[in-house]
Amino acid sequence: MTIQNDLFLRAARGEQTERPPVWLMRQAGRILPQYRAIRSKLSGFVELVTTPDLAAEVTIQPVDELGVDAAIIFSDILVIPEAMGLPYELIEKKGPLFPTTIKSGADVSKLISGEDAAAHLPYVYDAVSLTKKALDGRVPLIGFAGAPWTLLSYMVEGSGSKTFSKAKKFLYTEEAIAHQLLQKITDTTIAYLKNKIKAGADLVQVFDSWAGILSPTQYQVFALPYIRQICEAIDEVPVTVFAKGAWFAMDEIGKLPCQVVGIDWNTNLADVRKKIPGDKVLQGNLDPCQLYASSEKVRQATLDMIGNFNGKHIANLGHGVYPDTPLDNVKVFVNTIKDFRYSTA
Ligand code: CP3
C-alpha cells in the first residue's frame with residue numbers, strides 16, 4: 001500500500017525533507033480524553049492491549065486528533081516478558097508489577113524464547129494489521145520493543161523503581177545468568193519485531209528507557225551488544241534506537257547499524273552531532289515539561305528546537321508525553337512543526 005503522508009519515512013531514510021516530521025512518544029493512551037473514555041469501560045490496561053480492534057482504535061486517535069505524521073501501535077514493552085513466561089499486571093496509578101521475578105539461573109532456564117515466545121503474541125500482530133487497514137495509508141505505523149536491558153530490569157526488579165538497584169545488583173553478582181537472560185530476551189525481540197513488520201510496521205523503535213542508570217562500562221557489556229544484534233537482524237525497515245540518558249554512550253550508539261537515534265532533553269545536541277555520523281537521523285528532544293508553559297513559550301521553544309537540529313531531524317519530545325499535559329499545548333507543538341518549512345536558500 002502506498003503511504004500518502006510518507007514524510008516520516010523519508011526523513012528516517014535520511015532524505016532531505018521540507019520540514020521535520022512530528023510524532024510524540026507515548027502519544028497513544030496518555031493524553032487524549034477519547035482514550036480515557038475507552039479505557040474506563042474496560043477491566044484494565046491488559047484488556048485493551050489484548051483486544052486488537054480497540055488497540056487499533058486508540059492507535060489512530062492521535063492521528064485524527066493531533067495530525068501527527070506517524071502512528072505508534074498501542075501496546076506495551078512488557079508483552080515480551082509475558083510471552084516468555086513471566087506475566088505482568090498493571091496496578092492503577094502505580095505501574096507495572098511482576099508477581100514472579102527472575103532470581104536465578106533456574107528461573108531463566110524456564111523461560112521460553114525466540115520464535116516460540118513471539119508466537120504467543122498474535123493479538124499484537126492482529127492489532128498491527130487492523131491498524132494498517134484502518135489507517136489506509138494515511139501515515140506510517142511504528143512498531144516497538146523494549147531494549148533487552150530495560151526488559152531485564154523489570155523482570156528482575158518486579159516493578160518500576162527509582163534506582164533499579166535489584167536489577168543492577170543482578171548484573172554485578174550474576175553476570176553469566178544476566179547474559180543468558182539478555183540473550184533470550186534479544187532472540188524473542190528479534191522474532192517479535194519481524195512478526196510486527198510482516199503484519200505491517202513501517203519502522204521499529206527500540207526503547208532503552210533505563211539506559212541512563214548504568215555506568216558506561218555496564219552499558220557496553222550488558223546493553224549495547226544486544227541492541228546491536230537487534231539492529232543487525234532487522235533489515236526490512238528502518239530502526240530507531242532511543243536510549244534514554246545514554247549521552248555517555250553516543251560514540252558507540254553512533255556505530256550501531258540503525259538509521260535513527262532518539263535523544264532526550266539532557267543530551268547536548270552539538271556534542272551528539274559530533275559523535276553520530278551524518279548519515280543517521282536524530283529524533284527528539286523537547287523536554288516534555290516544556291509543554292506546561294504558556295502556548296507562546298511552547299511555540300518559541302519548538303521553533304528553537306527545529307532551528308538547533310536544522311535538518312536530519314524527526315521532531316519529538318525527549319521522552320514520553322506526560323498524562324496531564326494540556327492538550328492545547330500538545331497541538332501547539334505539533335502545529336508549529338507542521339507550519340514550519342526549511343529554507344531552501
Ligand atoms: O507510544 C505510545 O503511545 C504507544 C504505547 C506505549 C505504551 N507503553 C502504552 C502504555 C508504549 C510505546 C509503551 C512503552 C513503555 N512501557 C515503556 C518505554 C517507553 C518509556 O516511556 O520509557 C516503558 C518503560 C513501559 C512500561 C510501562 N507501561 C509503565 C512504566 C507503565 C505505567 C506508567 C504509564 O502510564 O506509562 C505502563 C502502562 C502503560 N503503557 C500505559 C499506556 C497507555 C498506561 C496504562 C493505563 O491506561 O492505565
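Visitor: What makes β7 and β8 a pair?

Guide: This is a predicted model. In it, strand β7 (residues 260-262) and strand β8 (residues 281-286) are joined by three bridges, in the parallel sense. Pairing needs at least two bridges. Three bridges meet that, so β7 and β8 count as a pair. Within β8, Leu-282 is the residue opposite Val-261.

Visitor: Which sheet holds them, and in what order do its strands run?

Guide: It is an open sheet of seven strands with parallel pairing. The order is β1-β4-β5-β6-β7-β8-β9.

Visitor: Why is one side of β1 and of β9 left without a neighbour in the sheet?

Guide: β1 (71-72) and β9 (313-317) stand at the edges. Each has a single partner strand, so one side stays without a neighbour.

Visitor: Now a helix. Which residues of α2 are buried?

Guide: In helix α2 (residues 33-40), they are Tyr-35, Ile-38 and Arg-39. Buried means under 20% relative accessible area.

Visitor: How do you know that they line one face of the helix?

Guide: Look down the axis of α2. The buried residues fall within an arc of 100°, so they line one face. Their cover includes α3 (45-49) and α4 (52-66).

Notes
Residues are numbered from 1 along each chain as its sequence is written. This is a predicted model: local features need pLDDT of at least 70, side-chain atom pairs count only at pLDDT 80 or more; totals for chains, interfaces and linings use all residues. Side-chain values use heavy atoms; hydrogens and water are left out. Buried means under 20% relative accessible area, exposed over 50%, partly exposed in between (1.4 Å probe, protein chains only). Helices (H or I, at least four residues) and strands (E, at least two) are DSSP runs, numbered from the N terminus. The arc is that of the directions from the helix axis to the C-beta atoms. Contact means heavy atoms within 4.5 Å.
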